[in-house]
Amino acid sequence: MLYKPAKTFSEASPCTNVPLQCPLCPESTSGNRKTIWKYNSYFHLLAEHSVSGQRPPDVPPQFWIDTWLQHVEEQAG
Ligand SMILES: [Zn+2]
């Protein structure tokens, strides 16, 4: 199985539903963005940032790589 080097919390926990910072939510006064759960990230983007309520917004490609591609790998494994 191919796994990318752990870069978030996966080293500490086999559970991969990890919190992420939404790249589209505005930063709070403390400089942190809204935290969303990885497996909910797609739905958060649709609910909060969708374009015309129909399709997910443009996000940095790396965000999808960090979420869904890895998710698919886990499903396949
Ligand atoms: Zn957001």
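User: Hi! Which residues does His 44 touch, not counting residues up to four places away in sequence?
Analyst: His 44 touches Cys 22, Cys 25, Lys 34, Ile 36 and His 49. Contact here means heavy atoms within 4.5 Å. This is a predicted model, where local features need pLDDT of at least 70, side-chain atom pairs count only at pLDDT 80 or more, and totals for chains, interfaces and linings use all residues. Residues are numbered from 1 along each chain as its sequence is written, and side-chain values use heavy atoms, leaving out hydrogens and water.

User: Is His 44 buried or exposed?
Analyst: His 44 counts as buried because its relative accessibility is 10%. Buried means under 20% relative accessible area, exposed over 50%, and partly exposed in between (1.4 Å probe, protein chains only).

User: And where in the chain is His 44?
Analyst: His 44 sits in helix α1, which covers residues 41-49. Helices (H or I, at least four residues) and strands (E, at least two) are DSSP runs, numbered from the N terminus.

User: What order do the elements come in?
Analyst: From the N terminus on, they run β-β-α-α.

User: New topic: how many salt bridges does the structure hold?
Analyst: There is one, and it joins Arg 33 to Glu 27, with the closest N and O atoms 3.3 Å apart. A salt bridge is a side-chain nitrogen of Lys or Arg within 4 Å of a carboxyl oxygen of Asp or Glu.

User: Are those two buried or partly exposed?
Analyst: Arg 33 counts as partly exposed at 30% relative accessibility, and Glu 27 is partly exposed with a relative accessible area of 47%.
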